[in-house]
Structures are given as C-alpha cells and as structure tokens.
Amino acid sequence: MYTVPHNYSFRNQDFNYTPRLTPNINAELTSAPCRIDETWEIIAPFCADAVSAEARLIRYCTGDLVRFFNDAFDLSLRLRRVEDLSEWQSASAGKIVLTVDADAVPSAMAGAFWITVTEDTVRIVGKTERGMAQGVYYLEECMRIRGEAALVLEDIEHAPLFSPRMTHSGVELDTFPDNYLEACTHSGMDAIIVFVGHPDSVLHGFADPEALWEGSGRQYCDFANLVWRAAGYGLDVYAYSEMICDMHPDDPGAAEYYEASFGKLFRNCPGLKGVILVGECFEFPSKDPRTSGIRIQLKPKDERRPSPGWFPCSDYPQMVTLVRDIIRQYNPEADLVFWSYNWGKVDKKDRLALIDNLPRDISLLVTFDMWEIFVGQNGEPYRIDDYSISFAGPSCVFVDEAERASELGIRLYTMCNTGGRTWDNGSAPYLPVPQQWQKRFEALCESHEKYGLAGLMEDHHYGWLPSFLTQFARNAFMTNGIPNSLMLEQIARRDWGDQWQKILEAWRLFSEGITYVVASSVDQCGPYRCGSSYPLLYNQKTEEMQPPRDDWATHGGFAIWFPEYGDEVLPNPRKTLLRYSRVQLVTDYFRRGLALQQDALQELGAAYGSEISRQAAVARYLTCTYVTTGHVIGWAIGKQMLKALLEGREIPMEDELYKAIGVTDTTVEGLAQFLRDIAAAETENVALALTCWEEDSSIGYEPTMEYAFNRDYAEWKNGETKRSLEQMEKEIREKR
C-alpha cells in the first residue's frame with residue numbers, strides 16, 4: 001500500500017528482513033544435493049549463562065537461523081540445545097550441528113569457521129562463538145542467493161581476511177538500535193564506531209558550547225551498555241575521539257589533564273575495544289616549529305603555518321604514547337588507532353619520519369584512495385581531494401605509509417569506504433558501482449598479502465546501510481569465497497531474476513562512468529556532497545540564505561558543503577572545462593545504465609517501493625546529482641561570462657567556453673537565455689530527484705547533516721533558482 005513519504009521512514013524496517021529473504025530462484029545455479037526440509041533439526045550448545053557475550057551471541061544466532069528458515073521458506077525446524085555436543089560430533093542425517101572448537105579451525109581469526117556440508121548433514125565449527133555465528137550467517141546467505149533451502153557440498157574453512165571491519169552508524173549518528181547491530185554482524189563487520197566528545201557523551205544531540213568543533217552536539221551515552229549490547233551480536237566498540245587536547249605532554253599536569261578525559265572514558269568503560277585518533281580531532285599544542293602550535297579553532301587568521309592536526313608533527317609520537325599509557329591502565333589490550341588522514345599532501349619524508357617514531361604496539365590507519373594526482377584529457381592535472389571510488393586505489397600515499405608500517409611491524413589498517421559510500425555522492429545510501437568496488441576489494445586483498453593490511457574502517461560519519469553490495473563485500477573479504485565476478489552474477493540473479501544480464505550491464509556502465517568523476521574539493525564540498533539541493537546562485541551570499549536544517553544536526557545547514565560555488569572559471573578555464581566535460585560523460589554513462597534498469601523494472605512489473613525499485617531509485621538519484629553538477633558548472637561558466645560582458649572584461653579562452661556550453665549567440669541575451677534554460681532544466685531535475693526520496697527516504701540522508709535533500713530542500717533550492725533569475729534580469733537592466 002502506498003504511504004505518504006516522510007523523513008526517516010527507512011528506519012521503520014528490520015534491516016535483515018528484506019524481500020531478498022524470499023528471492024528469485026536461481027534455477028541456473030549449480031545443483032545443490034543438500035536439501036533441507038521440515039524434518040531437520042538444529043543442534044546447538046546449551047548456555048546456562050544468561051549474561052555473558054558468548055552466551056547471548058549463541059542464543060541470538062541460533063534463534064536467527066530458526067527464524068530464517070521460517071520466514072524464508074516456511075520451514076519450522078526444531079532447535080535442540082544440548083549441554084554435551086560430543087555425541088553430535090559425527091552428525092546423523094537431517095541435522096545442522098553448531099559447535100565451537102578452537103583447535104578444529106586452523107585460522108587464528110576469531111570470526112573463522114569450518115563448514116562441512118554433505119547430502120544429509122551440515123556441521124559448522126567456529127573458532128570462537130563469533131566464528132560459529134559467522135558460519136550461521138554464511139549458511140543463510142548461501143540459501144538467500146539460491147532462493148531455496150538447499151546447499152552445495154563443501155568441507156572447508158572460511159576466515160575473515162580483515163579484523164576489525166568497523167563502521168559508524170548509518171541510521172542515526174552514534175545510535176545503534178538492535179536491528180542495526182544485527183545487520184552489521186550479518187554483513188561480516190565486527191566492530192562499530194561511536195564519536196566521543198567527552199568521557200560521558202557522544203556528538204549526536206544539541207549544540208555543545210564545549211565541543212571541539214562548533215556545531216557539534218552533546219548527548220549522554222551509556223558506553224558500557226552499548227559495549228554490552230554490541231558484544232551480544234559479536235561486535236566490538238571503538239571510540240572516535242573528538243576530545244579537546246589543549247596540553248602538550250611536557251606541560252606540568254598533562255598526565256592528570258588527559259586522565260580526566262581519555263582515562264575517565266576507559267576507567268568507566270574498560271570494555272571499549274580501542275580509540276581512533278586523527279589529526280583534525282587530536283590536535284594539541286605541538287612544539288614542532290613547522291606548525292602554528294595551536295589547534296585550528298584557535299589559530300590566528302594571519303598565521304601561515306599549518307595547525308598541528310594538519311602536519312606530521314615530530315612530537316605526535318610523544319602525545320600518542322602518553323594517551324596510550326593512560327588508556328592501557330584500564331584496558332591493557334586497548335587498540336590505539338592513529339590515522340594519518342590529514343597530512344597526505346605533506347612531503348613523503350616528513351610523513352615517514354613520523355611513522356618511524358611511533359610506538360610499535362599501536363595501529364596505523366592510512367586512507368586508501370586519497371591524494372593521487374592524474375592528468376585529464378586536456379592536460380590539466382587534478383587530484384583525489386577526498387574519499388572517492390572514481391579511483392580504485394591504492395594511492396601512492398597509502399603505498400608509502402603501508403610499506404613503512406610493514407617494515408616496522410606496526411599493525412596496518414585502512415580507511416577504504418567499502419561500506420559503499422563516498423563523497424562522490426554524500427547523500428545517497430550507497431554507490432551502485434559494483435564492478436568498481438570489486439577493483440577496490442581486490443586491491444585491498446592484494447595489500448593484505450603485500451603489506452599485512454589487517455583491518456578496515458569501512459566508512460566515516462556517513463555510515464553504512466545494507467544494500468546489494470553487502471554480500472558482495474562479505475564474500476570478497478573471506479577466504480575460500482567464490483570468485484567476485486561469479487558472486488556479482490549470483491546477486492544480480494537473486495534480485496533481478498531473468499533480467500540479470502541487463503542489470504550486470506547497467507552496473508558495468510555505472511562502474512565505468514564513476515571512473516570519469518573528477519574528485520576535486522570544489523565539487524565534493526558542493527553538489528557531490530548534498531546532491532540536487534545544490535543551488536544555482538547569482539549574487540546571493542551564504543549568510544543571506546536560510547536552508548532547511550535540524551538543530552540536532554552536527555553538520556547542519558552549510559557546515560560541510562558550501563553554497564557559493566568555489567569555481568571562478570575565468571582565472572583557469574581549462575580546469576573548469578575538464579570537470580565540465582567529465583561530468584557530462586559520467587551523466588551519459590549513468591543515463592544509459594538507468595535506461596537498462598528501468599527496462600528491467602517494466603519487464604518484471606516491479607512494485608513501487610520494492611527492493612529492485614528502490615535500487616533503481618538510488619541509481620536515478622545519482623544520475624540527478626550528476627545532472628545537477630553539470631548544471632552548476634555550466635551555470636558558473638555562463639554567469640561569469642555574462643558578468644564579464646556586462647563589465648566589459650576580456651574572456652580568456654572565449655571560443656572554447658562558448659563551444660563547451662553550446663552557445664552560438666555570444667551576446668548578453670544569448671548568455672542570459674542559456675542561464676534561463678539551465679534554471680528550467682534544473683528545476684525539472686529537482687522534481688525527478690524528489691521522486692527518488694519519495695520512494696526511499698534513505699536517499700538524501702547523511703547522519704551528520706541529517707537530510708541534505710528532501711521535499712523541504714527541493715522547495716528551498718527552487719526558490720533560490722527563482723531569486724537568481726530575478727537578480728540576473730535586474731543586473732542586465734542596470735548595466736546595459
């Protein structure tokens with residue numbers, strides 16, 4: 001039944017229970033000799049302990065398997081919990097036996113399991129309770145993919161290649177309801193991340209005057225309860241620090257100062273797995289003379305040196321060591337994760353000098369894709385300024401730092417966005433470019449082999465939501481999985497039935513198209529971040545505009561996207577023309593892929609709001625975003641040329657610019673009409689983007705911005721477009 005669309009309605013679902021639970025039957029898959037019916041039983045360990053994480057996880061995953069058979073296949077299997085599993089070691093026919101035996105599983109990874117499937121038995125042995133649970137979820141996914149309660153024969157170990165696989169919340173900043181934790185553990189992730197601004201609070205909430213960053217919220221969090229709940233699903237909890245650090249380790253009283261923040265956090269909640277420390281949120285009054293010595297929020301405007309968070313300061317190792325020692329008083333195994341994100345532009349020798357002096361018993365987190373420099377087809381260089389899947393990676397910066405960490409024996413993690421979302425579109429729940437994600441998966445696995453890459457940070461504050469990419473990543477990051485290309489084909493068959501070949505081609509077009517994105521900050525902090533909300537401005541200033549915003553949004557309003565487009569065009573038209581031609585190319589690829597998806601939807605008679613209809617809505621929204629970006633760049637070109645004509649200024653590369661925007665009437669009126677046409681086309685595009693949000697309200701949402709696109713933003717955007725046209729007409733009248 002059609003319901004009135006509204007913000008946040010995507011939360012009103014069980015993230016594990018989707019139409020994929022009863023998928024299209026993949027009739028062309030290899031036959032499955034093991035066929036499960038209602039006569040089968042599940043044999044699992046009996047847990048007398050009611051509160052331990054291990055007992056709760058066993059109860060959850062075994063109950064989950066019972067529910068799975070009932071919901072997916074209308075099979076009511078008996079669950080028998082037994083104290084002595086020894087008699088079931090050689091399982092009799094019609095039994096699924098779940099056990100834990102560390103010695104029976106060769107891998108050292110806690111999430112590893114051995115699975116044996118014969119024609120009439122299934123046996124899963126976990127390295128730990130977490131491994132047993134992952135074996136259960138693997139079993140469920142095998143049957144989801146097939147669309148039937150049947151399994152192929154196997155006798156083999158499956159182990160995660162990476163741990164941790166950690167994620168922020170994608171449903172609400174720093175908020176982890178049970179159904180979301182269930183989705184995380186089913187996906188193969190084994191850790192969650194929560195922002196910590198004070199020892200007793202998270203960033204989600206209303207404005208905090210004592211916050212590190214202006215606008216950040218504050219809300220009490222019972223960290224001990226979060227750790228307890230997460231552990232019952234086999235998940236660890238990492239604290240992402242945004243605690244103010246205004247003392248140097250050498251200062252008198254520094255130990256007491258940091259004991260009151262980091263110490264108190266871990267004293268009250270020693271169960272936290274670790275803490276993530278990143279330059280921009282772990283600034284301190286460094287004595288390195290190459291820096292300002294003061295954090296960015298306090299740095300004088302005329303200070304030219306970088307603030308400490310944006311430079312690999314020589315005394316960062318001292319700071320890390322002090323915080324490590326304070327935390328490990330309360331958790332000797334705490335994982336100190338030091339992230340080198342903020343100084344990727346700095347000379348290699350300075351970056352590596354810092355790594356050389358870090359303590360060896362921490363983890364180094366290095367971003368996988370950023371800072372790489374390319375040359376466009378017109379010879380203009382450009383760089384990956386922030387997270388992007390346009391480049392699969394690894395970047396030279398990652399390779400430099402990974403090699404050094406490997407040489408020094410420092411545990412290596414990476415920020416890789418394999419949750420499926422990047423700043424190529426910040427307000428879409430995921431990017432449906434699986435063939436490009438496959439390239440990243442494979443590059444990460446190669447880095448595991450070459451550099452000992454051990455763990456993944458799968459997203460930043462935009463978090464993760466389940467999608468068709470979820471099982472794709474789980475399989476890629478597990479030993480003895482099936483080939484990636486075959487898994488992708490099986491997912492397409494599962495979701496799209498006999499239209500799967502069209503969908504694979506649509507995904508291929510999306511994946512190729514994304515490679516032409518120019519991930520420059522002017523667009524990543526503009527239309528790529530907020531989607532079709534991005535305005536076409538004429539003379540408006542940021543302070544004049546009142547966009548929709550929520551008071552509890554950490555990055556509400558224009559906090560992390562800037563409405564005054566940063567491309568002035570005429571100082572360097574070549575750079576603008578490169579980005580303009582590229583976004584048109586990206587749009588063309590997405591439109592062609594979308595046409596195939598729409599055709600498949602019609603052939604299948606897909607219902608509005610169905611799983612595959614929502615998949616198409618995400619692709620349609622991305623297409624709208626790239627259309628918006630093309631309009632924004634075209635508007636910037638036309639507006640700057642119009643102003644130059646009105647003011648009698650010379651226009652560099654005039655012929656190339658007119659040709660690029662398709663304007664043959666080189667008068668003021670010709671350019672004005674071009675801008676009117678863009679405004680009309682973009683208003684239509686906003687209406688199309690709005691239909692995407694109406695079909696899936698996870699579209700337009702990002703946890704720190706809250707909604708960056710929805711009905712309110714569409715109305716605001718169209719109002720600014722109208723105002724811009726009025727300003728243009730007025731300026732033309734006044735200056736002619």
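Colleague: Which residues form a negative surface patch?

Modeller: The patch is formed by Glu650, Glu654, Asp655 and Glu656. Before we go on, keep in mind that this is a predicted model, where local features need pLDDT of at least 70, side-chain atom pairs count only at pLDDT 80 or more, and totals for chains, interfaces and linings use all residues. Residues are numbered from 1 along each chain as its sequence is written, and side-chain values use heavy atoms, with hydrogens and water left out.

Now, what is a patch? Its residues have over 30% relative accessible area and no salt bridge, with like charges joined within 9 Å and nonpolar side chains (Val, Leu, Ile, Met, Phe, Trp, Tyr) within 5 Å. Asp and Glu count as negative, Lys and Arg as positive, while His and the chain ends are not counted. A charge is placed at NZ of Lys, CZ of Arg, CG of Asp or CD of Glu. The areas come from the Shrake-Rupley method with a 1.4 Å probe, and for residues only the protein chains shown count as cover.

Zoom in on Asp655, which sits in helix H17 (residues 654-661); helices (H or I, at least four residues) are DSSP runs numbered from the N terminus. Asp655 counts as exposed because its relative accessibility is 61%: exposed means over 50%, buried under 20%, and partly exposed in between (1.4 Å probe, protein chains only).

Other charged side chains do have partners. Side chains of opposite charge can pair when their charged atoms come close. We call it a salt bridge when a side-chain nitrogen of Lys or Arg is within 4 Å of a carboxyl oxygen of Asp or Glu. The whole structure has 52 of them. One joins Arg218 to Glu210 at 3.3 Å, N to O, and Arg218 is partly exposed at 33% relative accessibility. Asp288 and Arg290 also meet in a salt bridge, 2.7 Å from N to O. Here Asp288 is buried, at 3%, whereas Arg290 is partly exposed, at 37%.

Then there's Asp523 with Arg579, whose closest N and O atoms are 2.9 Å apart. This pair links distant parts of the chain, 56 residues apart: Asp523 lies in helix H13 (residues 521-524) and Arg579 in helix H15 (residues 573-604). Both Asp523 and Arg579 are buried. Finally, salt bridges can be linked up too: Glu41, Arg78, Arg80 and Lys95 make a network of them.

Methods. Helices (H or I, at least four residues) and strands (E, at least two) are DSSP runs, numbered from the N terminus.
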